[in-house]
Amino acid sequence: MHEELLTIGRFARLCRLSIKQLRHYDETGLLAPVRVDANSGYRYYAPEQARDALTVALLREMDLPLAVIAQALAAEPESRAQILRAERDRLAERISRDQARLEMLERLAEGGLPGYEVTMGSEPERRLAVVRAVCAFEEIGETFGACVGRLLPVLGKEGIAWEPPLWGLYPLDLEERMEIAVGAQTSQGEGTPGLEFQTLPGGPVAETVHIGPYAQLPLAYNALFAAAHERGLRPQAPVREVYLVGPTEAPQEEWTTRLIIPVQESTA
């Protein structure tokens with residue numbers, strides 16, 4: 001049997017991997033040699049392990065985590081396909097986020113920080129029917145859509161009249177996990193299953209309008225928070241987004257979002 005096995009050097013050349021990589025895969029339990037000499041510590045591999053080794057190399061080239069690769073190698077074909085599709089979806093989401101960042105950088109490179117007109121005003125008290133969810137920052141778009149999918153059917157089914165547009169409510173601090181809400185302004189529906197009701201107090205606010213993709217909203221928030229702090233004002237939660245023109249009404253370069261931050265005089 002010893003004659004049928006390959007030394008780590010020969011196996012590395014066969015699989016286009018380095019000896020260092022093979023040792024690391026062994027130490028992490030990803031790809032163990034079939035035999036380790038007790039005296040010398042030399043590792044020996046079977047030729048049939050080449051397929052797994054080449055698969056590991058391919059998946060590592062795609063930046064898949066070692067833990068995911070190990071899970072995929074150990075899985076049956078159907079489960080392996082599901083694991084790889086999940087990684088594909090995560091990669092697509094990351095590419096989408098990176099594309100949005102590239103577009104923001106290009107916009108900044110071409111013209112510096114966009115000139116947003118920040119105005120100080122006063123908002124009336126508003127009563128919203130809301131649905132809530134907890135998500136990570138990168139999941140806000142998907143979670144917002146799911147919330148809309150919960151809110152509108154209940155309003156329609158119960159015949160609750162509401163005043164467009166839809167509102168988004170967000171915390172001041174973008175934490176790892178945070179609660180967001182989607183709301184519709186209405187005076188009806190108290191006690192409706194599946195809905196909560198939140199009254200947004202009236203008072204002083206700083207606001208601006210963003211025209212363009214939602215991925216570029218951080219540019220507007222930068223201007224809005226900077227203006228509030230320059231005026232010695234303390235932002236209050238929740239941050240409010242009002243979707244004046246959305247995806248069902250116009251191409252993304254025409255989406256129009258009103259950003260509102262309640263403010264108080266700073267005590268500092």
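Two strands are taken to pair if DSSP finds at least two bridges between them, and the legends below apply this to a predicted model.

View 1. Strand E5 spans residues 126–135, and because seven of its ten residues are buried, the strand is largely enclosed by the rest of the structure. With strand E8, residues 196–200, E5 pairs in the antiparallel sense over five bridges, and Leu128 stands opposite Gln198 in E8. E5 also pairs in the antiparallel sense with strand E7, residues 178–185, over eight bridges, where Arg132 stands opposite Ala181.

**View 2. Ala136 in the loop between strand E5 and helix H6.** Ala136 lies in the loop that runs between E5 and helix H6, the latter covering residues 140–157. Its relative accessibility is 8%, and since buried means under 20%, Ala136 counts as buried. Leaving aside residues up to four places away in sequence, Ala136 touches Glu176, Arg177 and Met178. The C-alpha atoms of Ala136 and Arg177 are separated by 4.7 Å, although these two residues are 41 residues apart along the chain.

**View 3. The packing of helix H3 against helix H4.** Helix H3, residues 50–61, and helix H4, residues 66–74, pack at an angle of about 145°, with their axes 10 Å apart, and their crossing is right-handed. On the H3 side, Asp52, Thr55, Val56, Leu59 and Arg60 meet Leu66, Ile69 and Leu73 in H4. The residues of this contact divide into five nonpolar, one polar and two charged.

Terms used
Residues numbered from 1 in each chain as written. Predicted model: local features only at pLDDT ≥ 70, side-chain atom pairs only at ≥ 80, totals over all residues. Heavy atoms only, no water. Axes fitted to C-alpha atoms, helices over the stretch in contact; angles between N-to-C directions. Helix = DSSP H or I, 4+ residues; strand = E, 2+ residues; numbered from the N terminus. Left-handed = near helix turned anticlockwise from the far one by under 90°. Contact = heavy atoms within 4.5 Å. Nonpolar A, V, L, I, M, F, W, Y, C, P; charged D, E, K, R; others polar. Buried < 20%, exposed > 50% of the residue type's maximum accessible area, 1.4 Å probe, protein only.
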